[in-house]
2 protein chains.
Amino acid sequence: MLQKIFEQYRDSFLLAIIAVIIGVITGAIDCLFGKILINISTFRDANFIKLIFLLPFLGLFIIFLYKKYGKNSIKGMSLVFGVAHNEEDSIPLRLVPLVIISTWLTHLFGGSAGREGVAVQIGATIADNLGKLTKIKDSKKILIVTGMAAGFSGLFHTPIAAIFFALEVLVVGSLEYNALLPAVIASFVSNYTSSQLGLEKFHVILKTHLVFNIETIIKISIISILFGIVGGLFAHILNHTKQFLTKKLPNPYMKIAIIGAILSITLVTIHFGRYSGLGTNLINDSFLKSSDHIYVYDWLFKFVLTIVTLAAGFQGGEVTPLFAIGSSLGVILGSLLGLPCTLVAALGYSSVFAGATNTFIAPIFIGVEVFGYENLPYFFLSCSIAYLFSGNKSIYTSQKVLESRKEL
Amino acid sequence: MLQKIFEQYRDSFLLAIIAVIIGVITGAIDCLFGKILINISTFRDANFIKLIFLLPFLGLFIIFLYKKYGKNSIKGMSLVFGVAHNEEDSIPLRLVPLVIISTWLTHLFGGSAGREGVAVQIGATIADNLGKLTKIKDSKKILIVTGMAAGFSGLFHTPIAAIFFALEVLVVGSLEYNALLPAVIASFVSNYTSSQLGLEKFHVILKTHLVFNIETIIKISIISILFGIVGGLFAHILNHTKQFLTKKLPNPYMKIAIIGAILSITLVTIHFGRYSGLGTNLINDSFLKSSDHIYVYDWLFKFVLTIVTLAAGFQGGEVTPLFAIGSSLGVILGSLLGLPCTLVAALGYSSVFAGATNTFIAPIFIGVEVFGYENLPYFFLSCSIAYLFSGNKSIYTSQKVLESRKEL
């Protein structure tokens with residue numbers, strides 16, 4: 001009895017210490033990854049036409065890199081989920097440099113992709129490998145969750161959202177409470193480390209405030225249903241496009257070269273690179289400029305081109321493009337229904353993410369940590385509705401569902 | 001396939017309609033219950049000495065009432081949990097008048113008890129009985145959760161906290177996502193109904209803001225550990241006192257008369273009724289007056305006397321006394337560690353609740369819905385730590401635990 005309590009205390013204490021280390025290392029790598037990614041994006045925008053037609057050749061290089069050095073790194077997020085679910089053994093350390101370099105290159109040559117997947121993989125890999133050194137009993141899943149929280153937090157500087165994301169994303173309908181303490185520690189430490197090293201946070205102060213009445217509640221509900229459907233569709237179509245392309249072009253070199261070539265021509269033709277990269281241009285236009293800087297079809301092109309980029313085999317995450325899709329769709333829907341555009345854009349930012357990741361609490365906190373705590377009721381309403389209408393789809397195909405939740 | 005989708009849509013739509021009805025009825029009853037309870041409390045304070053010595057006789061009357069008319073109503077919250085877990089068949093409608101009247105009387109004659117248990121039982125009973133009329137497949141648990149959210153929300157006017165409370169309290173480590181849509185609807189409708197009918201909300205605007213630095217984080221962490229331990233101990237000791245008294249005094253009439261007599265003498269002797277009733281006097285003193293209006297031992301007497309009142313067999317909830325225990329302890333700990341007393345009192349208000357109910361997300365939202373959204377990081381930190389250190393105890397003995405969470 002006493003022996004057992006002592007072991008629990010000791011293990012919890014050890015996990016807390018490891019969480020600090022995970023937080024510091026992940027925060028530092030997140031910062032390096034994020035800062036260079038921003039510089040690369042600026043460089044690409046300035047030299048777009050010189051770079052974009054090299055996209056298919058870069059694709060060949062990425063496939064070569066993963067084939068030659070990657071082991072099973074190519075599985076990416078599925079590998080992270082697999083280890084957490086005890087279906088895979090471990091995450092090789094080489095995943096970190098591989099995913100960072102190939103994501104940098106994807107962005108340099110104009111692919112449309114995100115970055116959170118990379119950060120989450122960095123955190124999980126570091127946590128998994130530190131865990132192997134320490135051998136705390138039954139700590140594999142706890143450490144993966146801890147690493148995911150650290151990775152997300154260090155990149156986006158939304159520490160509470162990162163904790164809930166890591167706790168709720170593995171299994172829909174259940175929270176990994178076992179990992180709460182180390183996840184809290186790692187998330188705040190990673191956020192702090194990365195901030196101190198100079199990675200900036202995207203945040204917007206919303207000046208518009210709505211009075212909650214029946215009319216605005218109905219309007220926000222309708223808009224949130226659309227956000228949920230768009231998010232769910234993104235996950236659904238991404239997964240099917242990946243399968244479809246792999247079936248039609250089973251050779252990954254052929255696939256990435258052909259799709260990469262089509263992609264580069266498309267990215268030049270449609271607004272000359274507007275849909276390359278993270279989509280922060282669309283996000284900035286949504287919040288910092290007047291609503292006529294956003295085209296009606298911005299969200300749709302970002303939606304399609306991100307799916308094609310990722311399905312072809314280029315590297316990067318999905319979340320920042322999802323933020324961009326949500327914001328630009330929000331601006332349009334807001335002006336259509338006569339609601340403040342920046343507020344609806346903010347709701348889209350978080351709710352399309354909710355729909356695409358099949359998470360519910362994390363996006364509420366993304367909303368308040370980016371756009372201000374006082375907007376909590378809006379984000380609660382919008383994210384819970386979007387979650388309900390996402391069709392239970394997720395960009396993370398290895399996500400499990402504890403109980404089938406009823407769909408509307 | 002189409003048939004199944006149609007049925008799901010129809011059921012969800014029906015549940016949404018029922019949720020509105022649950023919200024309206026529960027909100028109205030909550031308002032009636034809450035307003036009369038406040039008047040009764042004022043009346044008791046004015047006529048304390050005439051009433052307090054009747055407490056043991058009232059006890060006999062309550063036992064008689066439940067024995068004669070109660071069926072299994074005496075099980076209270078355990079019955080609600082039992083029906084949700086499919087271990088009990090249904091909640092009889094008579095539970096509503098019985099629990100309301102006996103709680104009013106407990107407060108009139110000076111017992112130390114709460115009110116949320118009553119509100120939650122009202123909501124759950126109404127939901128369960130409406131469910132029997134409609135016969136939607138597999139909706140029993142969903143409706144109980146919906147009713148619990150409506151009950152909590154209509155009384156405390158913290159609709160988001162109420163939703164999370166109902167979703168997370170049944171099974172630790174899992175959220176009843178199936179009930180999300182009806183719970184959201186019922187909670188907001190109940191809150192709206194009860195507000196419109198004139199039940200006031202307790203809220204405080206915290207003017208003190210702390211800069212997060214290592215020192216304040218360590219101080220808040222230590223205080224939150226204490227809050228968690230106090231909450232966990234409250235649940236633990238309450239459950240053991242109930243068992244102990246039942247063993248020593250198996251006749252419920254004897255039990256309530258003897259303990260009631262001791263209780264009434266004690267309540268008069270120690271500060272003449274300061275620890276009778278809900279404890280809103282302690283809460284108001286904690287937030288609205290200077291810190292020297294709170295005695296060092298206030299929290300401890302409220303703690304002990306609430307446990308004795310409830311273990312004797314008097315009726316009422318635990319939550320408002322827990323708020324009072326947390327606030328008054330917070331004032332003391334705040335001045336001890338040189339932190340702003342009202343802020344620490346607010347953290348105690350929510351975190352002792354977290355410790356005693358073994359919930360984690362609901363108390364964070366109680367904190368921000370009562371004390372302002374902009375204080376979210378404080379409440380997140382405090383409630384998550386309190387939850388971790390509560391020892392996995394709960395005032396709700398029928399609560400299940402999905403996976404044993406590791407203790408520190």
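**Where chain A meets chain B**

Author: Happy to! Across the interface of chain A and chain B, the rule finds zero salt bridges. Please keep in mind that this is a predicted model. Polar contacts do occur between chain A and chain B: the count is two residue pairs, both at pLDDT 80 or more. On the side of chain A that touches chain B, the elements giving two or more residues are α1 (2–46), α8 (159–169), α9 (180–196), α16 (361–371) and α17 (376–388) of chain A. Of these, α17(A) gives the most, with six residues. Sorted by type, the residues on this side of chain A are 23 nonpolar, seven polar and nine charged.

Now for the wider view. Chain A brings 39 residues to the contact and chain B brings 38 residues. Between them, an area of about 3,900 Å² is buried, and carbon and sulfur atoms give 73% of it.

Let us follow α17(A) across to its partner. The axes of α17(A) and helix α8 (residues 159–169) of chain B come within 11 Å and cross at roughly 45°.

Key
Residues numbered from 1 in each chain as written. Chains lettered and ligands numbered in written order. Predicted model: local features only at pLDDT ≥ 70, side-chain atom pairs only at ≥ 80, totals over all residues. Heavy atoms only, no water. Contact = heavy atoms within 4.5 Å. Buried area = accessible area lost by both parts, 1.4 Å probe. Salt bridge = Lys/Arg side-chain N within 4 Å of Asp/Glu carboxyl O. Polar contact = N/O pair within 3.5 Å; in protein donor to acceptor, adjacent residues only side chain to side chain. Helix = DSSP H or I, 4+ residues; strand = E, 2+ residues; numbered from the N terminus. Nonpolar A, V, L, I, M, F, W, Y, C, P; charged D, E, K, R; others polar. Axes fitted to C-alpha atoms, helices over the stretch in contact; angles between N-to-C directions.
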